[in-house]
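Visitor: I would like to go through this model and ask what stands behind the terms used for it. Please set each value against its cut-off where there is one.

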Amino acid sequence: MNHALYLFFDGDCEAAIPHYIETLGGEIAFTMRNSDAPDPSQRMPGGDDLIMHLTAQVGGMTIMASDSPPDMYSKPQGFRVQIEPRSLEDFDRIFATLSKDALEIQMPPEESFWAERFAMFTDRFGTPWMLNYEGNKSQR
């Protein structure tokens with residue numbers, strides 16, 4: 001059984017996924033644009049440059065993604081993409097990069113009773129993130 005996260009974007013998939021790859025490492029394995037549909041009747045509503053489907057390896061996880069047709073996009077809710085940086089330096093770098101121009105920072109980076117550093121935010125593309133660096137508080 002394979003597992004992957006599937007993210008939908010409001011027309012900015014082509015900008016979001018490379019940003020995540022640059023920040024977390026990885027590569028795009030496959031991209032299909034709206035214009036790649038074999039028949040115009042099989043295209044989703046919207047322009048030819050919209051991403052119909054994309055598969056990428058990002059930070060060790062498989063992420064699939066696409067743009068949503070303009071009238072079908074809904075804001076992500078009820079989940080967060082959770083990342084466990086390997087060091088405080090990685091945490092700070094990832095947070096600074098992914099939270100730049102964030103739509104919202106729900107919890108700024110701070111120490112918690114379970115982690116040396118923890119943060120929750122929604123990036124400029126609408127993806128909700130949670131960063132957790134347990135450090136010396138690791139229970140594993």
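Guide: This is a predicted model. A place to start is Y6, whose bridge partner in β4 is M64. Five bridges join β1 to strand β4 (residues 61-67), and the two run parallel.

Visitor: What makes β1 and β4 a pair of strands?

Guide: Two strands pair if there are at least two bridges between them. β1 and β4 are joined by five, so they meet that definition.

Visitor: Which sheet do they belong to, and why are β1 and β2 called its edges?

Guide: The sheet is open, with four strands in the order β1-β4-β3-β2 and mixed pairing. β1 (5-9) and β2 (26-33) each have a single partner strand, so one side of each has no neighbour in the sheet. On average, neighbouring strands here are turned by 20° against each other, direction ignored. Helix α1 packs on this sheet and touches β1, β2, β3 (51-58) and β4. The direction of α1 makes about 5° with that of β3.

Visitor: What is the order of the other open sheet?

Guide: Its four strands follow the order β5-β8-β7-β6, again with mixed pairing. The edge strands are β5 (81-83) and β6 (104-110), each of which pairs on one side only. Neighbouring strands in this sheet are turned by 15° against each other on average, with direction ignored. Helix α2 (residues 88-98) packs on the sheet, in contact with β5, β6, β7 and β8. The direction of α2 makes about 15° with that of β7.

Visitor: How do you know that β7 pairs with β6 and with β8?

Guide: The cut-off is at least two bridges. Four bridges join β6 to β7, and six join β7 (residues 117-122) to β8 (residues 128-133), so both cases qualify as pairs. β6 and β7 run antiparallel, and β7 and β8 also pair in the antiparallel sense. Examples of bridge partners are E110 with F118 in β7, and F121 with W129 in β8. The hairpin that joins β6 to β7 passes through six residues.

Visitor: Why is α1 called roughly antiparallel to α2?

Guide: The two helices pack at an angle of about 165°, with their axes 10 Å apart. Angles over 145 degrees count as roughly antiparallel, so α1 and α2 fall in that class. The crossing is right-handed. At the contact, H19, Y20, T23 and L24 in α1 meet R93, I94, T97 and L98 in α2.

Visitor: How many aromatic pairs does the structure hold, and why is the pair of Y20 and F125 called edge-to-face?

Guide: A search of the whole structure finds seven aromatic pairs. The ring centres of Y20 and F125 are 6.1 Å apart, and the planes stand at 85°. Ring pairs link F9, Y20, F125 and W129 into a cluster.

Visitor: Are Y20 and F125 buried or exposed?

Guide: Buried means under 20% relative accessible area. Y20 has 0% and F125 has 9%, so both count as buried.

Visitor: What makes the rings of F113 and W114 edge-to-face, and which accessibility classes do these residues fall in?

Guide: The centres of the F113 and W114 rings are 4.9 Å apart and the planes are at 85°. With the distance within 6.5 Å and the planes over 60 degrees apart, the pair is edge-to-face. F113, at 74%, is over the 50% cut-off and so counts as exposed. W114, at 33%, lies between 20% and 50%, which means partly exposed.

Visitor: Why is S99 called buried, and where is it found?

Guide: S99 has a relative accessible area of 9%, and the class requires under 20%, so S99 is buried. S99 is in the loop between α2 and β6. Leaving aside residues up to four places away in sequence, S99 touches I94 and F121.

How values were computed:
Residues are numbered from 1 along each chain as its sequence is written. This is a predicted model: local features need pLDDT of at least 70, side-chain atom pairs count only at pLDDT 80 or more; totals for chains, interfaces and linings use all residues. Side-chain values use heavy atoms; hydrogens and water are left out. Axes are lines fitted to C-alpha atoms, for helices over the stretch in contact, and angles run from 0 to 180 degrees between N-to-C directions. Contact means heavy atoms within 4.5 Å. Rings of Phe, Tyr and Trp (its six-membered ring) pair if their centres lie within 6.5 Å; planes under 30 degrees apart count as stacked, over 60 as edge-to-face and the rest as tilted. Buried means under 20% relative accessible area, exposed over 50%, partly exposed in between (1.4 Å probe, protein chains only). Angles under 35 degrees count as roughly parallel, over 145 as roughly antiparallel, 65 to 115 as roughly perpendicular and the rest as oblique. A crossing is left-handed if the near helix is turned anticlockwise from the far one by less than a right angle, and right-handed if clockwise.
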